[in-house]
Amino acid sequence: MEIDFAEYQLSSQLRGHEDDARGVCICDNAGIATSSRDRTIRFWTLDESNKRDYTLSRILLGHTSFVGPLAWVPPNEEFPEGGIISGGMDTLVLVWNLATGEKVQTLKGHKLQVTGIALDGSDIVSTSVDCTLRRWRKGQQVEILEAHKAAIQAIIKLPSGELVTGSSDMTSKLWKGKSCIQTFLGHTDTVRGLAVMPGLGILSASHDGSIKLWTLSGELLMEMVGHTSIVYSVDAHASGLIVSGSEDCFAKIWKDGVCVQSIEHPGCVWDAKFLENGDIVTACSDGIVRIWTAHRDKAADAVELDSYASQLSQYKCSRKRVGGLKLEDLPGLEALQTAGTSDGQTKVVREGDNGVAYSWNMSEQKWDKIGEVVDGPDDNMKHPVLDGIQYDYVFDVDIGDGQPIRKLPYNRSDNPYDVADKWLLKENLPLSYREQIVEFILQNTGQRNFTPDPSFRDPYTGSSAYVPGAPSKSSGVSKPTYKHIPKKGMLVFDVAQFDGILKKVSEFNNALLSDPEKQHLSLTEGDMSKLGTIVKILKDTSHYHSSRFSDLDIAVMVKLLKTWPLTMIFPVVDLMRMIVLHPDGAIELFQHVKDENDTIMELIKKVTSSPPLPANLLTSLRAVTNLFKSSYFHEWLQLHRMEILDAFSSFYSSSNKNVQLSYATLILNYAVLLIEKKDEEGQSQVLSAALEIAEEVSVETDSTFRALVAIGSLMLEGLVRRIALDFDVENIAKAAKSSNDVKIAEVGADIELVAKQS
């Protein structure tokens, strides 16, 4: 069917789901099936009276956790009105008879979340986070295939009969029977969605923000870039149009590789599919399924379009921040009816989608408009940002097994159980991790006596949340609550420009080659290749659990640390900084600190010699800070604590703000380690270093904050509270409380509270 592109408009909104709408399945002309975090599948049929609206005709109940992928079974003898196959977080594949709304098969076998379903003849094929592809025939499992070495996220069947899978290993694979006949390489992150592009090949959507079009032979025909976050789904129409759904809250429509329209949603767009007539169905995190049409006669009326515009405005308002505050938290214009108390007093109010500042004019007794408030360059320093959104916290979560660090955002106003649920679903992690994640949040935000919101309902059990081990409400015991202490876990510097590192090493190597006196220090082509191999392994974060470094590759890097001129080693140190974050890299590097030829201690002494070079100082501070990530180095760090801190101690007031922050992070990590080790002498030295930072007026805000967190943590859980009081820590806390920076004021209050405890 050929259609000319015309702008899509809202046609109708399907309301019914009580949580995120996750999946869309087009059931030929019978209707639309949708899945949700609310554990239901809903079947919608076209309203015959107006041919625009859809009516909810079935609710399928049976999953015990959120439902994701769906597949349609066309009508046959067994299913006269067709059937639905669904997969869930509960690891089950369920088969439903639409005529009765009953569950007729429960397929058990997957160990983790089911992520994809395809119908292959009368066989059902399912994929899962457990890395397997399973084939089911007449309700029985007949085949298990470990199709990828990482979680499988999607599966489709091609018109020619082959299957295609997409995975967190960043590849898609084409399967003929049990044989992989083609691997599609090109994405730099998880392949999350797949679709058939009629007459051309395969579409893949990725966490890297792109959509790619491939031929079946593996040739990349086209790349579509325009989304600003994870692309969860992609679909194609016979007309040649492509639609994609993303975490950036847009469904985008593409023609000939160009984005021709972006449809904004009040939430993440989990799925997007074309109907045969060219209309588009989207599933949104606000729980609403929407139909979009390019046919003017099917567009929603003005009232519904205005209502949707209002939904969008409210959603953007709830996300927008002004001067570090949520726009929706600002008072309206009515606040200007109250007179100011002093000349020049300022007040920020909400006007539409903006925050506007006013100043009180005492002589004229009125508020003068100053102008629109925007976040300044320092505001992002006060609130961490993830995917363009500011949060009170963005934690690095290490789930073990050599897997890469995950980012967990959290606001203090959020319910930690709700945050944990949504994060585990987004990261495709088992819900069995739920209590551990909640405990992690509570510990790292000082909410150890968290009382659940009585209105909160667990989307899985329907019950209110609870915190294991928390005192009952009848106990009457009130314990102090801290916002930022004690600090748990280590902070690391985990972002690197690998191409820049290799480029700098190559540049320095060419300089050595051109100097007759230093040619002997230069690298051979083979040595450069070994460094390239290291970088390739470090870039492939999805294989951190299984990738390995060769002794020879690491030996080249160690050789450079020992022999290259002091002015040239900083890119090599930066490479070492990232190697220690890799499980096998940490083990390999540890072999070079165990004897008297301690490579890292030699490096520290070399780079801190006077006068130190700023680039060497920064990279080495960050490298040593990253050592705390690996338990292999904890004993070494404790043993060399005095030497390390003495070597770097004079640089806390460096004019380089990055050096300041790196040193403060080193101090904070040492505080966490030495509290765990119950090392009182070490805690005293770290406390002294943290107090120096806290009292230095030239130190930037984030460095001061980390030093204060170290002080508070050492006082609360360490052995040096009395020493801190002797150092007049109460005055430091008092000064921090009066800070204009919210985080510093809060941790100042934490320290003051600890100081007052008997």
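Which residues does tryptophan 564 touch, not counting residues up to four places away in sequence? Before the answer is selected, note that this is a predicted model, in which local features need pLDDT of at least 70, side-chain atom pairs count only at pLDDT 80 or more, and totals for chains, interfaces and linings use all residues. Residues are numbered from 1 along each chain as its sequence is written, and side-chain values use heavy atoms, with hydrogens and water left out.

**First stop: tryptophan 564**

Select tryptophan 564 together with Val505, Phe508, Asn509, Leu512, Leu521, Leu523, Lys559, Ile569 and Val572, which are the residues it touches beyond four places in sequence. Touching, or contact, means heavy atoms within 4.5 Å.

Next, display the largest nonpolar core, which has 101 residues; Trp564 and Phe633 touch the most other members. Such a core is a set of buried Ala, Val, Leu, Ile, Met, Phe, Trp, Tyr and Cys residues joined through side-chain atoms within 4.5 Å. Buried stands for under 20% relative accessible area, exposed for over 50%, and partly exposed for values in between (1.4 Å probe, protein chains only). Apart from this core lies another, of 15 residues, including Ala420, Leu424, Leu429 and Ile441.

**Second stop: asparagine 509**

Move to asparagine 509, in helix α5 (residues 498-513). Helices (H or I, at least four residues) and strands (E, at least two) are DSSP runs, numbered from the N terminus. Asparagine 509 counts as buried because its relative accessibility is 5%. Its contacts, not counting residues up to four places away in sequence, are Ser522, Leu523 and Trp564. The side chain of asparagine 509 reaches the backbone nitrogen of leucine 523 at 2.6 Å.

Select residues 599-607, helix α10, where Thr599, Ile600, Met601, Leu603, Ile604 and Val607 are buried. These buried residues pack against α7 (551-563), α8 (570-579), α9 (583-590), α11 (614-627), α12 (634-639) and α13 (641-648). At the start of α10, look for aspartate 598, a side-chain oxygen of which comes to within 3.2 Å of the backbone nitrogen of isoleucine 600.

**Last stop: the cysteines**

How many disulfides does a search of the whole structure find? The search finds 0 disulfides, a disulfide being a pair of cysteine sulfur atoms within 2.5 Å. Cysteine 284 is in no disulfide, and the nearest cysteine sulfur, that of cysteine 249, lies 7.1 Å away. Cysteine 284 is buried, with a relative accessible area of 0%, whereas cysteine 180 is partly exposed, at 34%.

Key: A polar contact is a pair of N or O atoms within 3.5 Å; within protein, one must be able to donate a hydrogen and the other to accept it, and residues adjacent in sequence count only if both atoms are side-chain atoms.
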